[in-house]
Number of protein chains: 2
Amino acid sequence: MAQRIRVQNFTVSQDGYATGEDQTLERPFGHADPGELMAWRFDTASFPGRTEPGGSRGLDDYFERDFANGIGAEIMGRNKFGPQRGPWSDHEWVGWWGDTPPFHTPVFVLTHHHRPSITLADTTFHFLDATPADAAEQALAAANGLDVRVGGGPSTVRSFVDAGLIDELHVVVAPITLGGGVRLWESADEFDDRFHHENIPSPSGVTHHILWRKESSPEQEQVTS
Amino acid sequence: MAQRIRVQNFTVSQDGYATGEDQTLERPFGHADPGELMAWRFDTASFPGRTEPGGSRGLDDYFERDFANGIGAEIMGRNKFGPQRGPWSDHEWVGWWGDTPPFHTPVFVLTHHHRPSITLADTTFHFLDATPADAAEQALAAANGLDVRVGGGPSTVRSFVDAGLIDELHVVVAPITLGGGVRLWESADEFDDRFHHENIPSPSGVTHHILWRKESSPEQEQVTS
């Protein structure tokens, strides 16, 4: 089975924003409320942050429980790790993900500024100054034969799509608008030249967009060459 | 995480039949054509029997790739193993599933007639004369902390539903009618007193029915007592 590079459970507003404006330490999503944007995930039985029993086992749960299925490494942009810009001034602060991050694999954080790797429980964060293609190569090598998840944020996902590196893209459109922030797309059909595209409304009110690479696209040749 | 008992990718016709009439060695589904009934599975990239690259990564593939996710044992009725009735007369014939069965776990075959266990690659078939509740208990114990799949056929699934043993039920309604055979249900809302029920049309033409136990149902108390 060939390794794939996947985007999963990546949630955007109806106007295409995956995060709001003015990210700060206290507000990783800026003016956007992650509780509202991500409500579909929190309501599933399989959400890793769930602290009480219960939750839906419906369609949304199938996506949520596929999050770790066959994934051996994650790549994320620096802004998914923390709000700092420029050189790292505080090595004591180890990211937004707490003592037991939900990744359980190596995670490659893209940044122009070097910093030593950090291990928290079974997740190790490596900091990488690399192009999307080089980061993909390193993550695939670290994934132990499994797939690589590109976790976000929107600029990072977009740069991997634009580089033709994404095999599968699962984007969830939540029933809210944000009006500003960082966009994944202006409209959901933006990548249809390169991807098959299914569009599945969920009873929860979100719409699951499932995109997978068209077999004859030039991007595929680029990746397999 | 509590162990669950799940039915997955169980496919029926629009009139509720999961298999046709007159099962024989050559025709495990009787007059029904499994290639037609199960077409949605064969078209996915994750179908275990796929011999060529390609296949869909859309909604149907999410269900197909969840087939083995977190499953540690399967329970099946005798007719899913082979067409024989009564005492086993031929121990040389080891079932319909070939040298490398797609289960990769212990499989408990319900039969009133004893026969020694059979190991084929990483699947071991055990033959069990037991009630659904006793079979469930043995399969849960063998599943190494993971979930148990009730694999079919329709009478077996039905008997586990009727015994209140099923936590999750995923039934796929294919766009064909069979007019006869063995039914799972007469109509898809038949279990709605006991299960939450989502109904998700797929672009492939099938409809995915996802049912999960209502939390306050008497069946749950029965299982957890």
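Biologist: In which loop of chain B does B:G179 lie?

Modeller: This is a predicted model, in which local features need pLDDT of at least 70 and side-chain atom pairs count only at pLDDT 80 or more, while totals for chains, interfaces and linings use all residues. Residues are numbered from 1 along each chain as its sequence is written, and chains are lettered from A and ligands numbered from 1 in the order in which they are written. Helices (H or I, at least four residues) and strands (E, at least two) are DSSP runs, numbered from the N terminus. The place of B:G179 is the loop between strand 8 (168–173) and strand 9 (182–183) of chain B.

Biologist: Is B:G179 buried or exposed?

Modeller: A residue is buried if 20 or more other C-beta atoms lie within 10 Å of its own, exposed if 12 or fewer, and partly exposed in between, with C-beta atoms placed from the backbone. Because B:G179 has 12 C-beta neighbours inside 10 Å, it counts as exposed.

Biologist: In what order do the nine strands of the open sheet in chain B stand?

Modeller: Two strands pair if DSSP finds at least two bridges between them. The pairing in this sheet is mixed, and the edge strands, each pairing on one side only, are strand 5 (118–120) and strand 10 of chain B. The order in chain B is 5-6-4-3-7-1-8-11-10.

Biologist: Which residue stands opposite B:V7?

Modeller: Strand 1 (residues 5–12) and strand 8 of chain B run parallel and are joined by five bridges. In strand 8 of chain B, the residue opposite B:V7 is B:L169.

Biologist: Which element gives the largest share of the side of chain B that touches chain A?

Modeller: Two residues are in contact if their C-beta atoms, placed from the backbone, lie within 7 Å. The contact takes 17 residues from chain B and 17 residues from chain A. On the side of chain B, two or more residues come from each of helix 3 (59–65), strand 10 (195–201) and strand 11 (207–213). The largest share, four residues, comes from helix 3 of chain B.
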